[in-house]
Each structure stands twice: as structure tokens, then as C-alpha cells.
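Here is a short briefing to read alongside the model. Have the sequence and the 3D view ready.

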Amino acid sequence: MVKKAFSPARRNVLSRIWIGLGIAALLQMLAGAAFFFISGRKQVEQHTPQLLQAGVATDFPPGSVTLIGKGHLYLARLDNGGFLAISRKCTHLGCAVPWIAERKQFECPCHASIFDITGNVLKAQAPRALDLFPISFQQDMVMIDISSPIKRSTYTAEQLVFLQERR
Amino acid sequence: MSKNLLFHFRPRRVPESALRLTLTWGLGGMAALMVTQQLISGLLLGFFYTPLPVKAYESIQHIQHSVFLGQLVRNMHHWTGHALVVVVFLHLLRVFLHGAFYPPRHRNWLVGLSLGVLILMANFSGYLLPWDQLSYWAVTIATSMLGYIPFIGISLQEMMQGGQEIGTATLQLFYFIHTSLVPVSLFLLMAYHFWFVRRAGGILLPANEQAANAAKQKSVTVVPDLLVREMAFAAVVTCVLLLFSMVVNAPLGDMANPELTPANVKAPWYFVGAQELLLHVHPLFAVCVLPLSMAIFLIFLPFSKSKAGKPGALLKTLFIAGTGSLLLLTITGIWFRGAGMKLVWPW
Ligand code: FES
């Protein structure tokens, strides 16, 4: 009588082991790929403060909005003298919002969202107020950290930055 | 040897009734042909394209103005890319209506869905490459839609853009996806897709013809009967694409300007439906719940009960209602939305 090399039951066990090993190898590879990806991303993402010199504080009259630098943001100075560095990126779908001086508001060309001078939403589509950038002062110079935009739902008075306070 | 390999994809003989054009409208073959054409025109364009902001736009201008037949090749690549999305969608529709996704073809349906996603990826990643206002802001809008997904949305968006906003990193990523990731996966999966059709016993014939075939065994040889038809069909499709590309130029707007959004920008047309929906319903629903339930529906479709090999009435209604409303939203978004997303009459 010729005996088979492996009984069907044994064969089954063996093939299961193979499948198990295969899955383990696959998972290992996926995990390796994931770590590869994530570790590479972090380096790109590390936020070192990137300070932008916006200008001398007294050059911005109260009630004005000025486009700063290469056009990523506005420096708004409210009537009470407080500063806000407002992102130009619409919170709806990311279009660049121009400041319309005659109507004193930001009007998005894409889906007609409207924001007031503080970045608050006046007309919807946009779900929240325009992002802010942190402001600091070096002497009289307004410095804006453009590396980390701050998300907010609405404008509150605490967001204002005043020149005197910092002295 | 090569012949043996080929016969993994094509049988020697097929039933005569499988030759009928109206059975499949040749949509799958058309898609394969167009993918191949895209590979060729893409390779040509790749010689002169530079994946860097500003340079990218200039290289497209160079291709259009100083390269021999450059404009035509770009037009072909552009229009075929868009046509491909339509053809793949129609292919899906056809397969659904014929119930050709039920076992033993269930796995191939899933492969097909992945191919569909890849085609969308191919088109979307290619959308940014010309680096004009049109592409820059369309991609801005489309990637911003991702941001509405709860929890992971923002990081997903930043991953796609390779940073806070669309710039060099985004362009390089999209270039890599468009020219390496998508083509390689596309061709591997396509081989699988075709081989699966062969293994399931060729394309699905209507039930009554299946019976008739079994009785009569009326079949024809693939070479030349099927091959000649396929070649003729391919020639017609190629001619149509070529003629269209000779007459209509691919659009190229002003160079991308991150500081200025032109009026009336929209997401790429196949995402306009989602964008339109975003105007009407809660964002969570528009970019998350709905697409997700659509995906789940499509993925689990082959495991539903069939009625004589065709999808049942409920499934059919769901599917048709779904595609119908998507179509309606897309058409509204493309043609009936003017500046500031106001409803306009296009004529
Ligand atoms: S992007 Fe500003 S309203 Fe839509």
C-alpha cells in the first residue's frame, strides 16, 4: 500500500500555516510602509515659527485692512486699535477672499460667502470665521507667525492684539 | 509562448451571439483602448513637462506652441482623459443592468470598482498638472471638500496637498500619482480584470441566449471574427477622439495665482455633484455619509440576492435613483451655476 505523503488533514493544517505566514508577512509590510510614510511626513510638517514682518504698527490706521506679504493674509486694525491677522483662505472651500473696501467686507468669489472686518461670517456657505495668525510685536514692528493658522468659529474680543499691552 | 500568454486573456472561440455590439456597446474594450492611448500620449507629454510651479505652466505652453503636434497630443490626452471617466461610468452602468456582477463575476466587479477609482484618481491628479488658474482652484476646492470629513478630514486634506495649501509639494505628489502610481496599478489591475472575464467564461450572455447556445453550440473563432470587429471598433473610437481633438483645444487659463481666485471656479466636473450637494445639505452628509453609503452599496452589490441573474426591483430603483440624482446635481453644477454660485440659465 502506497501511503500519501500528507494526509488531507495534515495538508490542511500546513496550508493554513502558509496562509497565516503570508498574512503576517503582508501585515508586516503594510506596517513598515505606514511607518515609512508617517515618519517621512513629520519632518515636512514640523512647525518652526515663521515670522513675517508686517510693518510698523502706527502705519496701520484704525479701521483699515491691509494685504500683507505675498498675499496670504490681511492685517486688520479695528476702530479700537486692536490688530487681527486674518487668513485669506475662505473657510468654505479654500478660495482666496478679496477685501472689498467700499463695502468694508470680505467677499468670496466662489460661493459668495461674506465676512466682516473681524473675519466673522456675514453670509453663509462658510461654516466659520476666517482663520487667524498669531501676532507679536518687536518694538513697534508687527510680527506675524504665518506657520500656524488658528481655526476659530467666531470672532471674540480676546483675539484682538494691542500694541500697548505688549510694552 | 506569447501566444499562450495571450490565450490567458482571450479564448480561441466565442459564442456567435457574443459578437453583437449592442450586448456590451464595447465599453470595456473602449476603456482599455483609451487607457493605452493615454499611456502613449502621456509618455510623449512627459518628455517636455516639468513638475514645478511656474515651470509647469511654461512647459505646457512650450508643448502647445513649439512642439510639433504638441497641441494635438495635449488635446488628445485631455479629452480622452475626460471621455474615459464617462466611458468607465457607462461600463459600470451596463454591467449593473445586465447583472453581470453576480458570482462567479463578483470578484471582478470589485476589481472593476478599484479600476474606476483609479481612473478618477488619474484624471484628478492630472487636473492639477497644467498649473493654470482653472486647475489650481479646481483642485483647491476639491481637496477642501475633504476637510469636511469629521476627525480625519483636515489631516487627509493636508496629506493630499502636502502642506497647508497647494504648492510645490502638491504638484510633485500629484505628478508622482499621475505618472507612476496610477499607471502601474492600472495596468496590473486591468490584466487581472481581463483575465477574470476569460475565467468566468467570457462576457455574460442574456439567459435565453445562453440556453440557445448550449443547445446549438454555435461559436466562431476569435481570430479573425472577433478580432476584426474589435479592430474596426477601435479604429472608429480613435478617429472620433482624434477628430474632436483636432477641432477643440484643451483649455489653458492664466497661470495659477494663489492670490487671486477667478470668479466662477468649480471642482473638476465629476466632483461638481458633491460640490453642488454641499450647497444644499449638511457637509457631513454631502462629503461623508453619502459617498460612503454609495461605496458600501456598490461593494456589497454582488452579494445581494439576484432575480433570475438580474438585480431585483429594489436594487434597481435604488441604483437608478442614485445615479439619476447624481447626474442631476452634476448637470446643475456644471451648466446652471454662474458667478458666486447663483443659479443661471446657460442660454
Ligand atoms: S470658497 Fe468661499 S464661499 Fe465657497
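The notes below cover a sheet, a domain division and a helix pair.

This is a predicted model, in which local features need pLDDT of at least 70, side-chain atom pairs count only at pLDDT 80 or more, and totals for chains, interfaces and linings use all residues. Residues are numbered from 1 along each chain as its sequence is written, chains are lettered from A and ligands numbered from 1 in the order in which they are written, and side-chain values use heavy atoms, leaving out hydrogens and water.

**Sheet in chain A**
- Four strands of chain A, in the order 2-3-4-9, make up an open sheet with antiparallel pairing (strands are DSSP runs of E, at least two residues, numbered from the N terminus; two of them pair if DSSP finds at least two bridges between them).
- At the edges lie strand 2 (64-68) and strand 9 (132-133) of chain A, each pairing on one side only.
- Strand 3 (residues 73-77) and strand 4 (residues 83-87) of chain A run antiparallel and are joined by five bridges.
- Opposite A:Ala76 you will find A:Leu84, in strand 4 of chain A.

**Domains of chain A**
- Chain A splits into domain 1 (1-44) and domain 2 (51-159), with bounds from an automatic or database domain assignment.
- The centres of domain 1 and domain 2 of chain A, taken over C-alpha atoms, are 54 Å apart.

**Helix pair in chain B**
- Helix 7 (residues 133-146) and helix 12 (residues 269-280) of chain B have axes that come within 11 Å and cross at roughly 60 degrees (helices are DSSP runs of H or I, at least four residues; axes are lines fitted to C-alpha atoms over the stretch in contact, with angles from 0 to 180 degrees between N-to-C directions).
- The contact (heavy atoms within 4.5 Å) involves B:Ile141, B:Ala142 and B:Met145 of helix 7 of chain B, and B:Phe271, B:Ala274, B:Gln275 and B:Leu278 of helix 12 of chain B.
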